[in-house]
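Here are some friendly notes to read alongside the model. Please keep the viewer open as you go through the points.

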Amino acid sequence: MHTIILWVGFLGGWLLVAGPVFQAAVELRDEEIDRESMAAAHESVPEPRRISPWWWLLPPVAYLRIRRDQREYRRVIFDAMPLATRRQFASFVDKATGWMFVAGGAALIALKETWELVEHYEWPLWVWIVLVLVMAALAVVNTAVRMARTRELVGES
């Protein structure tokens, strides 16, 4: 019975990963975003200036300068968007972040359950790594296939 419970935990853990990944794809696909307004805002703002290559003599300083410039560039683009587009973008980011937390937590549970299964059978570490990679790939491929099937079903290309 212990072995069956380990397999059920393993499968359940990975279903907990696949579910949020799929649900996130569905909800984020249906999220209304005015991409034209976003693109127009992006095009209306000049590209940030490049830092001098000399800053790379002090890599941490160069990194911080680049991050600061990118943050300022994103803020300027965001300010150039209409209010409705900013709301849409914020909603999209909030939903994506929420689903990332759910899928991340589920992934941690799946990693633990996979480890317990591997430990029970006394398999080597590489088996755990292969199982994790295969199950994660199956969760992503499942989402991609289901999304493509839905687009096909409703006649979208």
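1. Helix H1 covers residues 2-30, and its 29 residues should span 42 Å at 1.5 Å a residue; the end C-alpha atoms are 42 Å apart, which agrees. The expected span here is 1.5 Å times one less than the number of residues. Helices are DSSP runs (H or I, at least four residues), numbered from the N terminus.

2. A word on the source: this is a predicted model, in which local features need pLDDT of at least 70 and side-chain atom pairs count only at pLDDT 80 or more, while totals for chains, interfaces and linings use all residues. Residues are numbered from 1 along each chain as its sequence is written, and side-chain values use heavy atoms, with hydrogens and water left out.

3. The buried residues of H1 include Leu6, Phe10, Trp14, Val17, Pro20 and Leu28. Buried means under 20% relative accessible area, exposed over 50%, and partly exposed in between (1.4 Å probe, protein chains only). The buried residues of H1 pack against helix H4 (83-121) and helix H5 (125-153).

4. Do look at the largest nonpolar core, which has eleven residues, among them Phe10, Trp14, Ala106, Leu117, Val132 and Met135. H1, H4 and H5 are the elements that give two or more residues to this core, and H1 gives the most, with five. Such a core is a set of buried Ala, Val, Leu, Ile, Met, Phe, Trp, Tyr and Cys residues joined through side-chain atoms within 4.5 Å.

5. Which residues does Val132 contact, leaving aside its neighbours within four places in sequence? They are Trp14, Leu111 and Thr114, where contact means heavy atoms within 4.5 Å.

6. Back in helix H1 you will find Gln23. Gln23 counts as partly exposed because its relative accessible area is 29%. Gln23 and Ala103 are 80 residues apart in sequence, yet 9.9 Å apart in space, C-alpha to C-alpha.

7. Asp69 sits in helix H3 (residues 59-80). Asp69 counts as buried because its relative accessibility is 13%. Not counting residues up to four places away in sequence, Asp69 touches Arg49 and Ile51.

8. Asp69, Arg49 and Ile51 are also among the residues that line the largest pocket, together with Pro48, Arg50, Trp56, Ile66 and Gln70. A pocket is an open set of points on a 1 Å grid over the protein atoms alone, where a 1.4 Å probe fits, with protein on both sides within 12 Å along at least five of seven lines; lining residues have an atom within 4 Å of a point.
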